[in-house]
Amino acid sequence: MATHHNPRAQPPTDTPPPDTPPLPRADLAVAAAAVILAAVALVASSVQQGFAPLITLTLAPPAIAPTGGGMIIVVTPTPVVLPGIRMGAAIATLLLFVAAMRLLLLVPAVRRRHATDAAADRHTWRWIEYSQLAGVGTFLVAQLNGITEVTSLVPIYALGAAGALFLIVHDHRATTGRFGGPAFALGSAVAIVPWGVIAFAQITTLIAGVEVAASVRVVTLLALVASASVWVVTGWRARRDPERTDGCRTDALLGAVLPLAPAGLVLSTLWVG
């Protein structure tokens with residue numbers, strides 16, 4: 001019996017099209033770790049009080065400032081103690097955002113665009129993620145250090161997020177062999193402002209003689225180092241690869257260091273002494 005072969009028939013295959021990058025296993029591992037840490041933050045904050053702002057820093061209005069000029073800083077105990085679960089929930093939400101950004105790379109179209117950008121040494125997807133990690137991260141650290149007024153917290157979030165977005169401009173610097181110094185310098189200058197405000201709050205507590213838990217200072221330093229590591233890696237890679245031929249390696253390094261800050265904040269739900 002003669003058989004007819006249909007040239008249009010194709011055998012079933014589970015392999016992706018040639019132009020679709022492989023699944024980002026490193027990003028999936030980060031997503032899994034972020035979900036686990038989010039669960040840890042929620043559970044830990046539900047069984048203990050967690051951090052709460054010990055003081056509120058307020059710049060006194062001119063009407064009650066010293067007669068000789070200048071301004072005074074009023075340091076008062078925080079009248080409303082925020083339950084630890086709120087801080088734990090905020091940290092968990094930040095970690096779940098990390099997981100969501102990584103899981104979105106499972107979408108073939110998103111993965112192709114991300115891979116194309118990474119090969120061209122452009123990391124827009126990473127900077128969108130980092131902008132929220134930096135903004136919300138400094139927002140939470142500021143609260144740990146007694147900055148509780150919305151008029152201070154909103155600019156802290158905005159500056160933290162905006163500084164990270166300057167790195168998108170840095171990625172679009174002209175051709176190769178250029179460091180993109182102006183965008184990098186301006187972005188880092190904006191991003192450091194919230195940390196300067198937080199440092200001012202810590203110095204004020206020392207001057208006022210208010211005892212702050214060592215864990216608050218440790219978590220603050222860990223978050224600062226983790227956030228700064230993103231800028232260090234970006235600047236180092238720009239110097240190391242001026243011709244921008246190894247953007248995928250830069251993207252992999254950024255994918256590893258971005259979640260360090262929210263991971264460090266989980267410590268605030270575990271160590272409260």
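## Model and confidence

This is a predicted model, in which local features need pLDDT of at least 70 and side-chain atom pairs count only at pLDDT 80 or more, whereas totals for chains, interfaces and linings use all residues. Residues are numbered from 1 along each chain as its sequence is written, and side-chain values use heavy atoms, with hydrogens and water left out.

The pLDDT, the predictor's confidence in each residue on a scale from 0 to 100, averages 80 over the protein chain, and 76% of the residues score at least 70. Over residues 59-65 the pLDDT is below 50, and this stretch has eight contacts in the model beyond near neighbours in sequence, a contact being heavy atoms within 4.5 Å. Residues 77-85 also have a pLDDT under 50, and for them the model has 19 contacts beyond four places in sequence.

## Overall fold

The protein chain holds 10 helices and two strands, which are DSSP runs numbered from the N terminus (helices H or I, at least four residues; strands E, at least two). From the N terminus on, the order of these elements is α-β-β-α-α-α-α-α-α-α-α-α.

Among contacts between residues at least 6 apart in sequence, 80% join residues at least 24 apart. Of the 273 residues, 42% count as buried, where buried means under 20% relative accessible area, exposed means over 50% and partly exposed lies in between, with a 1.4 Å probe and protein chains only.

## The nonpolar core

A nonpolar core is a set of buried Ala, Val, Leu, Ile, Met, Phe, Trp, Tyr and Cys residues joined through side-chain atoms within 4.5 Å. The largest one has 42 residues, of which Ile-91, Tyr-130, Ile-147, Val-230 and Leu-265 touch the most other members. At least two residues of this core come from each of H1, H2 (84-103), H4 (124-144), H5 (150-171), H6 (181-208), H7 (214-240) and H8, and H4 gives the most, with eight residues.

Leaving aside neighbours within four places in sequence, Tyr-130 is in contact with Ala-164, Leu-167, Ser-227, Val-230, Trp-231 and Leu-258.

## The largest pocket

A pocket is found on a 1 Å grid over the protein atoms alone, as an open set of points where a 1.4 Å probe fits, with protein on both sides within 12 Å along at least five of seven lines; lining residues have an atom within 4 Å of a point. The largest pocket contains about 340 Å³ of space, a volume being the space filled by probe spheres set on the points, which are joined across faces, edges and corners. Of its 20 lining residues, Pro-24, Asp-27, His-114, Arg-126 and Asp-251 are the closest to the centre.

Helices H1 (25-47), H3 (108-119) and H8 (247-257) each supply at least two residues of the lining, and H8 gives the most, with five. By class, the lining has 12 nonpolar, two polar and six charged residues, with Ala, Val, Leu, Ile, Met, Phe, Trp, Tyr, Cys and Pro counted as nonpolar, Asp, Glu, Lys and Arg as charged, and the others, Gly among them, as polar.

## Individual residues

Asp-121 has a phi near 60°, a positive value in a residue other than glycine, and counts as buried at 6% relative accessibility. Arg-244, in the loop between H7 and H8, has a positive phi of about 55° although it is not a glycine, and at 9% relative accessibility Arg-244 counts as buried.

Ala-33 is found in helix H1 and is partly exposed, with a relative accessible area of 38%. The C-alpha atoms of Ala-33 and Ala-263 are separated by 9.2 Å, although these residues are 230 apart along the chain.
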